[in-house]
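Me: I'm new to this one. Can you walk me through it?
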Amino acid sequence: MRHPLRSFAPAVTGALLGALIGAVAVPALAQQPAASGEADPIVASVDGTKIRQSDIAALVATLPQQYRDIPLQMLFPALLERAIDGELLQREAKAAGMAENPEVKRRVERYRDQLIQEQYLTEKLEAAISEDKVKAEYEKLRAEMPKAEEIRASHILVSDEATAKDIVRELDKGADFAALAKEKSIDPGAANGGDLGYFTAEQMVPEFSAAAFELAPGAYSKEPVKSQFGWHVIKVADRRDVAPPSLEQASEQIRAELAEQEARRILAELRAKATIERFSMDGQPLPPQQTQPK
């Protein structure tokens with residue numbers, strides 16, 4: 001299992017729970033201060049009905065994630081026209097009596113229920129996850145994090161073993177590793193002397209890492225190393241412990257993981273107090289053992 005401070009992947013794994021937790025987040029664009037200094041400036045008027053910046057931010061929140069990451073300034077012109085069109089359509093729809101349409105009422109009620117759920121969960125999570133709790137969790141995870149090592153190494157990559165052995169013999173005679181890399185390596189990084197920078201064992205193919213991490217700083221491989229890319233001669237320049245991410249770097253993931261834990265706790269508590277029966281898609285009662293939450 002990857003340690004929480006190693007991975008920056010999203011922490012919420014359950015699709016439905018993830019959607020609930022994601023929905024309670026206030027869009028960042030909605031929190032941006034207006035350039036004019038007004039908290040929520042008017043950006044359009046349709047026959048006297050004001051459209052404000054917060055209305056545009058609400059439209060941003062309905063977009064797919066890849067569009068929400070685009071700066072508001074770039075989205076603003078198109079969203080402004082969408083908001084104007086929406087106001088015109090809404091006015092006509094109300095005049096046509098659509099507010100009393102049974103389907104509209106049903107969907108409004110469903111959306112209202114969703115908003116209530118989201119707001120309830122928002123307030124519960126905000127109350128439960130303080131900065132102190134995030135910091136305490138960070139310190140706990142940092143203390144539990146297994147030590148990892150990384151090395152800085154260079155390599156010379158060639159296509160056959162014989163050439164690699166010739167290079168080792170030249171190094172044995174005192175040849176400069178970086179100069180040989182520039183002259184003989186077929187790797188794209190040959191121009192910088194074959195320097196690969198710092199890396200952990202997991203970041204390289206197993207054969208390469210196994211040989212490289214056996215070398216002391218300043219040493220080079222006496223036997224060429226074969227991988228899927230060809231034959232390598234490796235030299236290690238340095239080795240050091242991997243520094244854990246800072247609190248600032250890790251806090252977003254930690255907060256997400258704490259939110260997931262707290263949301264699951266809340267739901268488990270609610271389930272424990274409720275009588276829940278489940279039925280199949282055709283309305284038949286499910287056996288008791290299938291009604292237990294996983």
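Me: What does the accessible surface of the protein chain come to?
Reply: About 19,500 Å². Carbon and sulfur atoms hold 54% of that surface. Keep in mind that this is a predicted model.

Me: OK. How many helices and strands does the protein chain have?
Reply: Ten helices and six strands.

Me: And how much of the chain counts as buried?
Reply: 31% of the 294 residues.

Me: What share of the contacts with a separation of 6 or more comes from residues 24 or more positions apart?
Reply: Those residues account for 65% of such contacts in the protein chain.

Me: Let's look at a helix. Which residues are buried in α2?
Reply: Helix α2 covers residues 53-60. Its buried residues are Gln53, Ile56, Ala57, Leu59 and Val60.

Me: Where do they sit around the axis of α2?
Reply: They are on the same side of α2, because they cover an arc of only 155° around the axis.

Me: You mentioned β1 and β2. Where is aspartate 47?
Reply: In the loop between those two strands, β1 and β2.

Me: Is aspartate 47 buried or exposed?
Reply: Exposed. Its relative accessible area is 67%, and the cut-off for exposed is over 50%.

Me: What about phi of aspartate 47?
Reply: It is near 50°, a positive value in a residue other than glycine. Most residues other than glycine have a negative phi.

Me: New topic. At what angle do α6 and α10 pack?
Reply: About 105°, with their axes 9 Å apart. So α6 is roughly perpendicular to α10. Helix α6 runs over residues 131-144, and α10 over 247-273.

Me: Which residues make that contact?
Reply: From α6, they include Val134, Tyr138 and Leu141. From α10, Leu247, Ile254 and Arg255 are among them.

Me: How many are nonpolar, polar or charged?
Reply: The contact of α6 with α10 has seven nonpolar, one polar and five charged residues.

Me: Last one: where is alanine 212?
Reply: In helix α9, residues 206-212.

Me: Is alanine 212 buried or exposed?
Reply: Buried. Its relative accessible area is 0%.

Me: What is alanine 212 in contact with, leaving aside neighbours within four places in sequence?
Reply: Ile151, Ile234 and Val236. The C-alpha atoms of alanine 212 and isoleucine 234 are separated by 6.5 Å. Along the chain, these two are 22 residues apart.

Methods: Residues numbered from 1 in each chain as written. Predicted model: local features only at pLDDT ≥ 70, side-chain atom pairs only at ≥ 80, totals over all residues. Heavy atoms only, no water. Helix = DSSP H or I, 4+ residues; strand = E, 2+ residues; numbered from the N terminus. Buried < 20%, exposed > 50% of the residue type's maximum accessible area, 1.4 Å probe, protein only. Contact = heavy atoms within 4.5 Å. Areas by Shrake-Rupley, 256 points an atom, 1.4 Å probe, with all protein chains shown as cover. Arc of directions from axis to C-beta. Axes fitted to C-alpha atoms, helices over the stretch in contact; angles between N-to-C directions. Parallel < 35°, antiparallel > 145°, perpendicular 65-115°, else oblique. Nonpolar A, V, L, I, M, F, W, Y, C, P; charged D, E, K, R; others polar.
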